[in-house]
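Hello,

Here is the structure I said I would pass on. My notes on it follow below.

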Amino acid sequence: MDYTYLLLLALVLLSTKVFGLATEHVHLPQVVGALLAGIIMGPSGFGVLQSTDFLVKTAEIGVIMLMFTAGIDTDMKELKETGVRASVIAVLGVFVPLFLCGWLYFVFFCGGEFTPYNLLRSAFMGSVFSATSVSITVETLNEMGKLKTRTGTTLLSAALIDDIIGIVVLSILSAFSSGESNPVSVLIHIVLFFAFVLVVGMVVRRIFTFVAEEHWHSRRVAVWALAFCLLMAYCAEAWFGVADITGAYFAGLILCNVTKARKFVAKKFTVASYMVFTPVFFAGVGMKTNLRDMNSNILVFALLLVLAAVLSKVIGCGLGGLACRMSRHQSLVVGIGMVARSEVALMVAQRGISAGMIDESILPAIVLAVIASALLTPVLLKLSISRGPELA
């Protein structure tokens, strides 16, 4: 047996943690550090880390666990409190980036040919930048004492709904990219998938609620939750042609209302995921980001993509805020607060590459846009808050 995989895993864990701590020190998410670790230690840099079948499969488990955690961390009570306002902001915050970033990809890489395949590829690219990573915004608002304001609460709820809509869009695009040429058949599979989620959700939620009454603090609940997560990921991909991460996300969403077990399961998943699987996923994305293959066309595309990624959220979410009778300043703050992208964007990009919908050569442009959005959000957010009236 070849034991090189042990050395590779050790190097991935060490490098992602070292770079993660370095980026955290300058108030950036550790995700950025993990990406940089993959870029610097991978083919673009020293060439120490190489992608293997073991790392690919470990990364896939990591992304599945990440999506489950995102689902189980969803606060349904908070969503109900903000209701229509957050939903309007989220819808525009998804579809404006979907069209703007998708259009940019269409212009650069589809030759202006309006074929179903090119439109699907463009939509996949747009969906990469539909979801929001609100963790940076939360830290910035908390630091400025604005997290508990009405604007802050609306922003957080909109980000949660944003993720749910983004996952639904991904489900539809994944089904269409699975090779099935009949649109009716694809739509039937999608409808069946959501019916399956609904039925399984009602049954499993009751089982977990019953079990959690006595054993909510037992490790067996976390193990059963992991098994459920993996089964839902498998069923989504194998039975319905929907992305496995979509199944994992809805598995988490099903369990998010099992009050007693929710925090315990989320904590166990976070520990297991961030100790092994998640660092491998982000390092893997970094390793595939081969900066040496970038040409002038991709560089120009990357710079325009950064601009489109920022403006699409500011415009989309800002218009949503104005439509819900928020002030111009509040709408601007909400729009800027939704700019940051992170884990979900990279997951969708990875899914697009695997499905053959996104060319791996433009991954550096995607990573650059994700990192730039993470860098710009706190700076722009602080400027917009400090130079406007007091937030309500």
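Leaving out residues up to four places away in sequence, Val333 touches Thr151, Leu155, Leu381, Ser384, Ile385 and Leu391. Please keep in mind that this is a predicted model. Val333 sits in helix H13, residues 328-337. Its relative accessible area is 1%, and a residue under 20% counts as buried, so Val333 is buried. Val333 and Leu383 are 50 residues apart in sequence, while their C-alpha atoms are 9.5 Å apart in space.

Next, the packing of H5 and H7. Helix H5 covers residues 116-128 and helix H7 covers residues 150-176; their axes are 10 Å apart and the packing angle is about 150°. Angles over 145 degrees count as roughly antiparallel, so H5 is roughly antiparallel to H7. The crossing of H5 with H7 is left-handed. On the H5 side the contact is made by Leu120, Ala123, Phe124 and Ser127, and on the H7 side by Val169, Leu170, Leu173, Ser174 and Phe176. Of these contact residues, seven are nonpolar, two are polar and none is charged.

Ser177 lies in the loop between H7 and helix H8 (183-215). Ser177 is buried, at a relative accessible area of 14%. Residues up to four places away in sequence aside, Ser177 touches Leu120, Phe124, Ala355 and Met357. Leu120 and Phe124 also take part in the contact of H5 with H7.

The other helix pair I looked at is H9 with H10. Helix H9 (residues 219-240) and helix H10 (residues 244-255) have axes that come within 7 Å and cross at roughly 140°. H9 and H10 are therefore oblique to each other, and H9 passes H10 in a right-handed crossing. From H9, the residues that meet H10 are Ala225, Phe228, Cys229, Met232, Ala233, Ala236 and Glu237; their partners in H10 are Asp244, Gly247, Ala248, Ala251, Ile254 and Leu255. This contact divides into 10 nonpolar residues, one polar and two charged.

Last, helix H2, residues 30-41. With 12 residues at 1.5 Å a residue, H2 should span 16 Å, and its end C-alpha atoms are 16 Å apart, so the two agree. H2 is mostly covered, with nine of its 12 residues buried. The buried ones are Val31, Val32, Gly33, Ala34, Leu35, Ala37, Gly38, Ile39 and Met41.

Regards

Conventions:
Residues numbered from 1 in each chain as written. Predicted model: local features only at pLDDT ≥ 70, side-chain atom pairs only at ≥ 80, totals over all residues. Heavy atoms only, no water. Helix = DSSP H or I, 4+ residues; strand = E, 2+ residues; numbered from the N terminus. Expected span 1.5 Å × (residues − 1). Buried < 20%, exposed > 50% of the residue type's maximum accessible area, 1.4 Å probe, protein only. Axes fitted to C-alpha atoms, helices over the stretch in contact; angles between N-to-C directions. Parallel < 35°, antiparallel > 145°, perpendicular 65-115°, else oblique. Left-handed = near helix turned anticlockwise from the far one by under 90°. Contact = heavy atoms within 4.5 Å. Nonpolar A, V, L, I, M, F, W, Y, C, P; charged D, E, K, R; others polar.
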